[in-house]
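Subject: Model handover

Hello,

The model we spoke about is below. My notes on it follow.

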Amino acid sequence: VGVRSELVSGIGEKGVEKAGPLRVVEDPEKNASLWSLASIGMLWSISSLMVASILPVFMKQELGLSSTKIGALEGAAIAASFFSKVFSGLISDRLGSRIAVIAVGSAMTALVKPMFFGAGYIKAIWGAAVAFQWIFLAKVIDRLSKGVRAAPTDALLADLSTKDTRSRAYSLNQSFSTAGGLMGSVACSMVMYFTGGSYRTTFLLATFPALLAILVLFTCVKQPTLTPSQDNDAKKVNNPSPASSNAFWASLKSFSPRFYFSCILVSILY
């Protein structure tokens with residue numbers, strides 16, 4: 001009863017609704033979907049950080065990869081993640097289903113974890129060269145999965161919220177993702193401690209949060225039907241007018257060279 005009273009808050013003295021701490025948007029179904037989507041982000045972070053926390057050490061100690069190969073692998077994986085964000089966003093717009101594309105990314109996140117689990121066996125059977133190709137493929141798919149689900153997730157957050165509540169929706173999602181990263185690192189440390197440093201067990205257990213995220217996605221998240229005004233706003237974004245395009249390019253020209261130099265410097269450093 002207490003939680004429900006927070007989700008569905010009362011009316012103020014002058015008839016103005018007051019948002020409770022658990023209410024992000026007014027619509028109860030959309031509010032539940034936003035909390036579920038935030039929980040999914042937390043589960044993704046737990047799953048990813050359980051692997052990412054120890055993967056470089058695993059590749060160095062268990063697979064015998066050089067620092068150069070590990071660096072090249074990480075760079076290729078990050079590039080794949082950025083490129084996949086573009087295509088996943090376009091595909092979700094064309095299909096008209098955010099959840100379908102998010103589900104594909106979630107499935108990739110879950111299925112790639114056993115690939116890390118099997119890397120040691122691949123090395124024992126076919127050698128270090130094949131093991132590097134295997135772990136390279138697994139890492140790229142892992143980052144691709146993040147890119148595939150990122151753009152439609154952001155779009156779904158926007159669909160579920162209004163202009164006035166959008167910042168709260170994104171803040172909630174980011175907070176849960178950050179908490180999931182912390183929980184994933186702690187869970188990784190605990191599993192490694194209690195299993196005597198078993199990388200394979202940690203990789204295998206990292207599969208379960210990703211599988212749970214898929215379950216929550218299909219059972220708790222409902223994609224909203226956009227109102228005519230929201231649909232028109234989406235069409236304007238996807239099909240900008242020539243005037244808005246010209247204004248965009250004109251705004252880019254207004255920035256000083258120092259601004260672009262700073263952008264390049266920050267992108268290199270971070």
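Contact here means heavy atoms within 4.5 Å. By that rule, and leaving aside neighbours within four places in sequence, Ser145 is in contact with Gly105, Met108 and Thr109. Ser145 has its place in helix H7 and is buried, with a relative accessible area of 0%; buried means under 20% relative accessible area, exposed over 50% and partly exposed in between, with a 1.4 Å probe and protein chains only.

This is a predicted model, in which local features need pLDDT of at least 70 and side-chain atom pairs count only at pLDDT 80 or more, while totals for chains, interfaces and linings use all residues. Residues are numbered from 1 along each chain as its sequence is written, and side-chain values use heavy atoms, with hydrogens and water left out.

Overall, the chain has 13 helices and zero strands (DSSP runs numbered from the N terminus, helices being H or I of at least four residues and strands E of at least two). Of its 270 residues, 37% count as buried. Among contacts between residues at least 6 apart in sequence, 75% join residues at least 24 apart.

The axes of H5 (residues 98–117) and H10 (residues 207–220) come within 8 Å and cross at roughly 160°; axes are lines fitted to C-alpha atoms, for helices over the stretch in contact, and angles run from 0 to 180 degrees between N-to-C directions. H5 and H10 are therefore roughly antiparallel (angles over 145 degrees). On the H5 side the contact is made by residues including Ile99, Ile102, Ser106 and Lys113, and on the H10 side by residues including Thr207, Leu211 and Phe218. The residues of this contact divide into eleven nonpolar, three polar and one charged (Ala, Val, Leu, Ile, Met, Phe, Trp, Tyr, Cys and Pro count as nonpolar, Asp, Glu, Lys and Arg as charged, and the others, Gly among them, as polar).

Lastly, the cores. A nonpolar core is a set of buried Ala, Val, Leu, Ile, Met, Phe, Trp, Tyr and Cys residues joined through side-chain atoms within 4.5 Å. The largest has 27 residues, of which Leu55, Phe58, Met59, Leu63, Phe116, Ile135 and Phe203 touch the most other members. A second, separate core of 20 residues includes Leu34, Ile40, Ala169 and Leu172. Leaving aside neighbours within four places in sequence, the contacts of Phe116 include Leu55, Phe58, Ile135 and Phe203, along with Lys139 and Asp142.

Regards

Note on methods. Parallel < 35°, antiparallel > 145°, perpendicular 65-115°, else oblique.
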